[in-house]
Amino acid sequence: MAIMPPTREYSPPRETARVGIEFDLLDLLLVIAERKNKIILATVIGMLITTGLVLLMHPVFTAKAVVLPPQQGQSSAGLLSQLGSLAALTGLGSSGSVKDPNDLYLAVLQSNTVADGLIKRLNLMDAYKVKKLTDARRVLTANSKFVSEKGGMISITIKDGDPHRAAQIANAYVDELHDINSRLIIGEAGVRRNFFSQQLALEKDRLTDAEIALQETEEKTGAISPTGQTGVVISQVAGLQGQIISREVQLDALRTSSTYQNPDVIRLNNEIAGLRQQMRSLESVQKGRKPGDISLTSRSLPEDQVAYLRKQREVQYHTLIFDLIARQFEAARMDEAKASPLIQILDPAEAPERKSGPFRALWTLSGAILGFIFGCVRVIGSYVHSRVVADPDHAEKLAQFRRALSFRSS
């Protein structure tokens, strides 16, 4: 009898531990389809929330003004030299170079001086409902935009809840730029006018004093107006002194707005030096005069005539200088009167009829998209959580993770 080997019972191989939970895309889509009502509800709620927020927001209106500053073909170089006094105001003076005139105008528009002027002019602290000037300045700066457009134009864009106030602020910026430009242009002519006005008053007093001195000399010496060679001396000396004083007045006027390296200043200094040399030569003793020479020195005249000549000479050159200063004063006064701002207003700001924001349709669509995304994430998250909790190992790990995040755990 054959002995059969003992039989062994079959046992299936043990299943190895799973490292993770696998998710199929079709399963996720199926979950989304089955719970579509929750997603639709989240979408509707998102739309309602954003619509309510938009209704609570104040409408925003945008006003725009466009100006044309002076270009390079106009007197931009002179204007930039006059605007150099704004270096501390705009902060461009430290760089030492301004290539584009619009950069300087943009810096002026963005300065605190212009902003403070607008706040006081339009009473924006009450309009913005703030108590501090810095807060009103911050709101105004945030709602203002200045852009250098093509063609050399500058656009001033203002956003505000009131359409009329938005247009007022934009036009007020234009007025402030207009005023600053006017003060700088007319101010230069005004400086020259004031200078010549003061010099004219002084020269008038000097002329009066010279006339009184001449009259007293006539009464004292009994001298009369000399002729011949004496008249030649008077004319030559008075003419030279008049030319010297004329150039000195021009030099003083140039020094109010120019430096010593200015070509005109150098030229006037050289001319004055040459005229003074001629004056010294004329008043010096002439030696070796040729016969028939009508030139006569002041030292070759009698004492009474010399005194009379000097007084008459004073009257003549003070009269000449008075006429010269009077003409220059009139020229400066006319320059100040006709000096017009070079900033041209192409498009003044008007109160907008339609608001520029907020866009309700865009906000509602954004709320619907956010609600849909939130609903999908919530549905998928709930499905993933249920799968994780169903597995004992992952459920234990999830519990450990929660305990590790808890601050109350020791």
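I began with the pairing of strand β1 (residues 61-68) and found that β1 and β4 run antiparallel to each other, joined over three bridges. Within β4, I345 is the residue that stands opposite V67. I keep in mind that this is a predicted model.

Next I looked up the whole sheet, which is open and consists of four strands in the order β2-β3-β1-β4, with antiparallel pairing. I noted that β2 (144-148) and β4 (344-347) are the edge strands, each with a single partner, so one side of each has no neighbour in the sheet. From one strand to the next, I recorded an average twist of 25°.

I then turned to the other end of the strand order, where β2 is joined to strand β3 (residues 154-160) by five bridges, again in the antiparallel sense. Here K145 stands opposite T157 in β3. The two strands, β2 and β3, form a hairpin with five residues between them, and in the turn I found G151 with a positive phi of about 85°.

My last entry concerns the surface, where I looked up a nonpolar patch of about 910 Å² to which L41, I45, I49, L53, L56, M57, F359, L362 and W363 contribute. The elements giving two or more residues to this patch are α2 (36-56) and α13 (360-390), and α2 supplies the largest share, five residues.

Technical notes
Residues are numbered from 1 along each chain as its sequence is written. This is a predicted model: local features need pLDDT of at least 70, side-chain atom pairs count only at pLDDT 80 or more; totals for chains, interfaces and linings use all residues. Side-chain values use heavy atoms; hydrogens and water are left out. Two strands pair if DSSP finds at least two bridges between them. Axes are lines fitted to C-alpha atoms, for helices over the stretch in contact, and angles run from 0 to 180 degrees between N-to-C directions. Patches are made of residues with over 30% relative accessible area and no salt bridge: like charges are joined within 9 Å, nonpolar side chains (Val, Leu, Ile, Met, Phe, Trp, Tyr) within 5 Å. Accessible areas come from the Shrake-Rupley method with a 1.4 Å probe; for residues, only the protein chains shown count as cover. A salt bridge is a side-chain nitrogen of Lys or Arg within 4 Å of a carboxyl oxygen of Asp or Glu.
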